[in-house]
Amino acid sequence: MVEPRATGRDLPPRPDGAPRHGLAPRSDEAPFVNLRDPARALGPDGKPAVSRRAPIWEDVPDERWNDWRWQLSNRVNSVEEIGRVLNLTDDERAGLSSPDKFRVDITPYFLSLIDPDDPNDPIRRQVIPTDCEHEAFTAMMEDSLAEDRHSPVPGLVHRYPDRVLMLVTTQCASYCRYCTRSRIVGDASQNFNRHDVEAQLDYLRRTPQVRDVLLSGGDALTLNPKLLESIIRSIREISHIEIIRIGSRVPVFLPQRVDDDLCEMLAKYHPLWMNLHFNHPNELTPEVARACDKLTRAGIPLGNQSVLLAGINDCVHIMRALVHKLVEYRVRPYYIYQCDLVEGSGHFRTPVGKGIEIMESLRGHTSGYAVPTYVVDAPGGGGKIPIMPNYLISYSDHKVILRNFEGYITTYEEPAHYTPHDRSTCWYCQHPRPEPGQGGVEGLLDGNQMWIAPSGFESAHLRGRTAPHRLQDPNKWVPYGVGPIEGTAGRPLPALEPGSIAPPPEDAVSGGQPGAPVPETGKAAPTRRRRAPRQPKFDYAPGEEPRPREGEPTGWSHGELL
């Protein structure tokens with residue numbers, strides 16, 4: 001006779017009172033409490049944990065203190081008000097008294113997090129101005145990222161092929177002293193009105209290559225709730241917009257703003273993502289934990305963008321503590337930015353080598369999803385350029401030599417035979433998303449072009465010549481099977497069978513280079529020994545085509561004029 005197996009109710013509990021692993025808890029046991037969840041942290045009084053509150057606000061009722069509108073209405077900005085909370089240094093008094101300082105406004109909640117007696121407090125240095133802000137430094141610029149230069153309509157920056165930055169306000173909950181948009185942020189006279197926002201939306205409606213819109217400013221979460229929803233709804237009604245992102249520091253400065261009404265509204269417009277901005281572990285408070293918990297439970301993935309700041313987080317141990325705490329809060333470390341070359345930020349800047357040192361201390365030393373990407377947002381408007389330690393030591397045609405975070409050196413054997421992906425039968429290759437004029441290095445790899453010439457390259461090499469001489473036949477530098485040339489259209493290249501020789505397409509010489517003369521139909525590709533048939537002459541060489549008039553298309557993608 002087989003004895004029946006014991007169930008969870010038949011076994012005694014573990015000595016610590018917890019249920020046996022894999023078995024249902026006993027009906028008389030207390031429910032499990034996850035003490036690791038920072039959003040469920042309790043204070044000494046058994047109530048939800050709260051952060052420090054400055055003495056001058058101790059008598060403010062909790063319902064007002066936790067009201068985001070009260071926090072915004074009671075921000076402090078003067079020497080006298082801030083001096084009631086912090087013991088200010090002479091340098092801070094000079095910075096706060098300067099008539100041309102960048103705007104100062106600090107929520108009572110965020111100001112309360114600062115150690116009043118520590119002039120080097122990492123939160124304090126981010127929001128309290130000093131006299132250093134007026135010191136000029138080499139390469140300093142008002143708009144170091146050239147955002148306004150890449151702006152087709154006021155407040156909308158279109159730098160990357162498929163995504164745009166949409167600035168909807170110049171106002172923030174508090175103001176960072178290193179702000180990259182200090183040229184407009186905090187200035188009410190520069191704010192964006194309904195006409196500006198409608199012009200931005202109109203641009204999005206008529207630009208189908210855009211699939212991703214990032215809302216920023218200023219900070220979009222400081223907008224009137226009805227206006228914020230109106231903007232998000234208008235974006236979501238554009239069929240080719242796939243995702244909406246919000247970049248915000250409101251959950252850092254003003255976690256009270258993240259209430260149930262906001263989360264319920266945002267959840268209506270998925271897919272929606274949010275990037276936050278924490279620079280130091282001291283900013284991650286119980287209030288922030290609950291705000292992040294609300295956002296993630298509303299289905300919003302959270303990322304974090306830090307700025308590398310001298311004297312604040314330029315330390316491998318501080319950064320490691322920050323990313324570890326972020327992942328506890330279910331916030332994915334996304335970027336570490338090198339400080340921009342913006343006016344007033346000189347005293348915050350670090351060498352790029354410090355960022356590489358920090359990355360060396362993260363990769364391999366902590367979880368992969370806790371490792372952000374270190375980037376320099378290129379001065380002049382080149383966009384984000386990732387920088388990391390060099391893990392590739394060397395490579396040949398059959399081996400790659402790599403090293404890991406410990407200095408362990410290994411080899412990866414390359415395949416002797418490789419059958420590449422068949423682009424001719426791939427739907428995605430045949431229907432790529434257009435990137436007019438912005439193919440870059442990827443365009444070289446994809447065979448859309450063979451070189452990228454710097455600005456002025458052609459004119460510099462004219463060397464004073466005003467007309468081609470007898471040896472300068474444009475056909476000589478049209479690469480076979482690569483192209484087309486910017487500003488012209490041509491048919492896609494035919495798919496090649498392995499080992500075959502490609503015939504030239506019917507509308508192009510030397511493999512479909514648009515703008516080049518047309519050969520006789522059915523002729524084989526020209527070779528070194530065979531002279532190409534006489535072709536009609538053109539007044540310009542490849543790359544020297546006249547630019548179209550203002551408003552006409554200038555870009556191409558995979559043989560199609562856009």
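Modeller: Here is a walk through the sheets, the salt bridges and the cysteines.

Colleague: What are the ground rules?

Modeller: This is a predicted model, so local features need pLDDT of at least 70 and side-chain atom pairs count only at pLDDT 80 or more, while totals for chains, interfaces and linings use all residues. Residues are numbered from 1 along each chain as its sequence is written, and side-chain values use heavy atoms, with hydrogens and water left out.

Colleague: In what order do the nine strands of the open sheet run?

Modeller: The order is β1-β2-β3-β4-β5-β6-β7-β8-β9, with mixed pairing. Strands are DSSP runs of E, at least two residues; helices are runs of H or I, at least four; both are numbered from the N terminus. Two strands pair if DSSP finds at least two bridges between them.

Colleague: Which strands stand at the edges?

Modeller: β1 (156-160) and β9 (383-386) do. Each has a single partner strand, so one side of each lacks a neighbour in the sheet. On average, neighbouring strands are turned by 30 degrees against each other, direction ignored. Axes here are lines fitted to C-alpha atoms, for helices over the stretch in contact, and angles run from 0 to 180 degrees between N-to-C directions.

Colleague: How do β1 and β2 pair?

Modeller: Antiparallel, over three bridges. β2 covers residues 163-167. Tyr160 sits opposite Arg163 in β2.

Colleague: Which strands does helix α13 lie across?

Modeller: Helix α13 (residues 352-362) lies across β6 (302-308), β7 (332-338) and β8 (373-378). Contact means heavy atoms within 4.5 Å. α13 runs at about 160 degrees to β8.

Colleague: And the three-strand sheet, what's its order?

Modeller: β10-β11-β12, open, with antiparallel pairing. β10 (392-395) and β12 (409-413) are the edge strands, each pairing on one side only. The twist averages 20 degrees from one strand to the next. Three bridges join β10 to β11 (residues 399-403). Ser394 has Ile401 in β11 as its bridge partner.

Colleague: Switching to charges. How many salt bridges?

Modeller: The count is 28. The rule: a side-chain nitrogen of Lys or Arg within 4 Å of a carboxyl oxygen of Asp or Glu.

Colleague: Is the Arg249 and Glu283 pair buried or exposed?

Modeller: Arg249 counts as buried at 6% relative accessibility. Glu283 is buried too, at 0%. Buried means under 20% relative accessible area, exposed over 50%, partly exposed in between (1.4 Å probe, protein chains only). Their side chains meet at 2.4 Å, N to O. The pair links distant parts of the chain, 34 residues apart. Arg249 is in the loop between β4 (243-247) and α9 (250-253). Glu283 is in the loop between β5 (272-276) and α11 (286-297).

Colleague: What about Glu198 and Arg205?

Modeller: They form a salt bridge, closest N and O atoms 2.8 Å apart. Glu198 is partly exposed at 34%, and Arg205 is partly exposed at 40%.

Colleague: Which residues form a network?

Modeller: Asp143, Glu147, Asp148, Arg181 and Arg183 are linked by salt bridges.

Colleague: Last one. How many disulfides?

Modeller: Zero in the whole structure. A disulfide needs a pair of cysteine sulfur atoms within 2.5 Å. For Cys426, the nearest cysteine sulfur is that of Cys429, 3.6 Å away. Cys426 counts as buried at 12% relative accessibility.
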